Amino acid sequence: MIQVMLVEDHSLMRRTLREIIGAEADMTLVAEATDGQTAVDRAVAARPDVILMDIDLPELSGIEATRAIVGWLPQVCVIMLTVSSAQEDLFESLRAGACGYITKNAGRDEIVDAIRAGSSGALPLTPAMASRVLAHFRQLRPATNPERLALLSEREREILTFLAAGLRDKEIAHQLMISPATVKKHVEHILRKLQVRTRAEATAQLSAERGVGKRPSSRDS
């Protein structure tokens with residue numbers, strides 16, 4: 001059963017999404033919120049698998065709430081819901097730690113498919129959004145590494161820096177006051193975003209950005 005949390009401040013849209021989720025046999029709604037700060041608090045308490053997150057929220061934006069939630073729950077998949085298809089919103093959401101981005105005019109099937117894709121570890125993007133991401137990276141292929149690094153959240157960037165310094169998961173966990181399992185999950189996200197298979201390759205990208213010629217040593221796990 002996919003545990004879903006809904007963050008939306010418009011009652012009509014929230015009711016529509018609630019009905020969509022409730023109609024699916026493999027999904028259950030475990031929490032709701034209408035503002036960013038409440039979303040953070042309830043996400044930490046409910047620990048959902050997938051969060052549908054409105055990007056425009058009172059008090060704390062959906063992007064800021066996503067950044068905070070992913071810092072606490074790196075395993076959660078946050079799918080941004082927005083009326084905007086602007087490229088800057090798309091990439092800012094991904095940098096904050098979101099794993100998907102769909103517009104509010106998406107059909108019922110698109111929303112359901114996005115939730116299922118997110119829960120299975122895929123990247124839930126509408127075809128138009130996926131094409132935009134691919135086009136962006138193809139256009140910037142000579143500067144691929146810096147662009148991929150820019151997709152990392154602040155916590156992921158911090159962990160990558162520790163990895164480059166040669167720290168083990170337990171040492172990083174001690175420094176950040178989180179569990180080794182949480183560190184490992186962040187590392188999985190880092191590898192996926194940087195499109196590499198090993199920690200050594202990931203830290204090499206960081207070194208390349210800093211202009212360091214020597215590839216740092218790393219203990220792959």
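Trainee: Which residues of the largest nonpolar core touch the most other members?

Mentor: A nonpolar core is a set of buried Ala, Val, Leu, Ile, Met, Phe, Trp, Tyr and Cys residues joined through side-chain atoms within 4.5 Å. Buried means under 20% relative accessible area, with exposed over 50% and partly exposed in between (1.4 Å probe, protein chains only). Here the largest core has 28 residues, and M5, V7, I51, M53, I69, V78 and M80 touch the most other members. The model is predicted: local features need pLDDT of at least 70, side-chain atom pairs count only at pLDDT 80 or more, and totals for chains, interfaces and linings use all residues. Residues are numbered from 1 along each chain as its sequence is written, and side-chain values use heavy atoms, with hydrogens and water left out.

Trainee: With which residues is I51 in contact, leaving aside its neighbours within four places in sequence?

Mentor: Contact means heavy atoms within 4.5 Å. On that basis, I51 is in contact with M5, V7, A43, I69, V76, C77, V78 and I79. Another core, of 20 residues, lies apart from the largest one and includes V4, L6, L81 and A114.

Trainee: In what order do the strands of the sheet stand?

Mentor: Strands of a sheet pair through backbone hydrogen bonds, either parallel or antiparallel. Helices (H or I, at least four residues) and strands (E, at least two) are DSSP runs, numbered from the N terminus. Two strands pair if DSSP finds at least two bridges between them. In this model, 5 strands form an open sheet in the order β2-β1-β3-β4-β5, with parallel pairing. Each of β2 and β5 (100–103) has a single partner strand, so one side of each edge strand is left without a neighbour in the sheet. The parallel strands β1 and β2 are joined by 6 bridges, and I2 stands opposite M27 in β2.

Trainee: Which strands does helix α1 touch?

Mentor: Axes are lines fitted to C-alpha atoms, for helices over the stretch in contact, and angles run from 0 to 180 degrees between N-to-C directions. Helix α1 (residues 11–22) packs on the sheet and touches β1, β2, β3 and β4, its direction making about 160° with that of β2. α3 also packs on the sheet, touching β3 and β4.

Trainee: At what angle do the axes of α8 and α10 cross?

Mentor: The axes of α8 (residues 154–164) and α10 (residues 180–194) cross at roughly 95° and come within 10 Å. Angles under 35 degrees count as roughly parallel, over 145 as roughly antiparallel, 65 to 115 as roughly perpendicular and the rest as oblique. The two helices, α8 and α10, are therefore roughly perpendicular to each other.
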